Amino acid sequence: MPTATPRQAHITPLDGILVVTLPPLLGDSDAEHLAQQVGERLVTEQAHAVLIDMTQMRMIDSHMGRVLNVMATMIRLLGAETMVAGLRPEVAMTMVELGMDLGGIPAALSVRHGLADLRARAGRSA
Amino acid sequence: MRTTARPIRATIPIHGEESLATVHRVVDEAGQAMGYGLVDQTKLITAASELVRNIVLYAGTGQVDVEEMDRGGRNGLRLIFTDQGPGIPDVGRAMQDGYSTGKGMGLGLPGTRRLVHEFAIDSAAGAGTRVTIILWKR
């Protein structure tokens, strides 16, 4: 590998929205810690939404899909909403063939679109 | 950039969750060396990921053999996932969508079959499992 691949997710609070940037490939143990970290930050930052930035993700297998579904359910129970953004077309296509669905998680074309959408929703409900 | 020697032939031992990153890297490099398109490359690493997770989940240890194939003028990659785990008592049932005894989504085997061109499974209770997949270059 020419460069070390980052495997950790990054969480950035942005005007009441937690932006969770996932690495190209997320390790299992990192994936399991992620939901816990997101839950804790959601409370400390008093965020109203979590935007999961999938731009860098090379693939989503059924395990990763399950991690995302579990995390979205937890976020909903905490009173916030989840949106995924920036899925690569080849990743989306592979998920469809695998038979995986991110169920009720709304998706946005890009992080920019997702942020705009989440801000508009917050504005409407304020 | 490391160049992958041709023909591609590699064996990756699986001894736990941390082996997943190695399998990803080796399969990714092999697929790139073969010149797969972006969608096929993604299918390949996703299929490898599903099958390695199965080994880690059900058998604990095993191995993946990666080999370049040439058949009837077609070029492809063959991945063989072998373990000495408990095996699958009812392969037919395990190949049905929605069936899972583990903590996955039940998509593992039937889902993986849809990602590749050839899929063969050889398993019996107590006799381990061998899954062979081939993705031909289009």
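## Helix H2 of chain A

Among the residues of helix H2 (62-77) of chain A, eight names are buried: Ser62(A), His63(A), Met64(A), Gly65(A), Leu68(A), Met71(A), Ala72(A) and Ile75(A). Buried means that 20 or more other C-beta atoms lie within 10 Å of the residue's own; exposed means 12 or fewer, and partly exposed is in between, with C-beta atoms placed from the backbone. The cover over these residues of H2(A) includes H1, E3, strand E4 (81-85) and H3 of chain A, together with H2 and H4 of chain B. Helices (H or I, at least four residues) and strands (E, at least two) are DSSP runs, numbered from the N terminus.

This is a predicted model: local features need pLDDT of at least 70, side-chain atom pairs count only at pLDDT 80 or more, and totals for chains, interfaces and linings use all residues. Residues are numbered from 1 along each chain as its sequence is written, while chains are lettered from A and ligands numbered from 1 in the order in which they are written.

Chain A holds an open sheet of five strands, in the order E1-E2-E3-E4-E5, with mixed pairing. Two strands pair if DSSP finds at least two bridges between them. Strands E1 (10-14) and E5 (107-108) stand at the edges with a single partner each, so one side of each has no neighbour in the sheet. Helix H1 (residues 28-45) of chain A packs on the sheet and touches E1, E2 and strand E3 (49-53). Its direction makes about 155 degrees with that of E2(A). Such angles run from 0 to 180 degrees between N-to-C directions, and axes are lines fitted to C-alpha atoms, for helices over the stretch in contact. Contact means that two C-beta atoms, placed from the backbone, lie within 7 Å.

E1(A) and E2 (residues 17-21) run antiparallel, joined by five bridges. Thr12(A) faces Val19(A), and Pro13(A) stands opposite Leu18(A). Two residues lie between the strands of this hairpin, and Asp15(A) in the turn has a positive phi of about 50 degrees. E2(A) is largely enclosed by the rest of the structure, because four of its five residues are buried.

## From E2 to E3

E2(A) and E3(A) run parallel, also with five bridges. Thr21(A) stands opposite Asp53(A) in E3(A). The chain passes from E2(A) through H1(A) to E3(A) in a right-handed β-α-β crossover. Right-handed means that, with the strands pointing away from the viewer, the path from the first strand over the helix to the second runs clockwise.

## Where the chains meet

The contact takes 23 residues from chain B and 21 from chain A. On the chain B side, helices H1 (19-34), H2 (38-59) and H4 (108-115) each give two or more residues. H2(B) gives the largest share, nine residues.

H4(B) is mostly covered, with six of its eight residues buried. Its cover includes helices H2 and H3 (89-98) of chain A.

## Leu115 of chain A

Leu115(A) sits in helix H4 (residues 111-125) of chain A. Leu115(A) counts as buried because it has 20 C-beta neighbours inside 10 Å. Beyond its neighbours within four places in sequence, Leu115(A) is in contact with Ile17(A) and Leu51(A).
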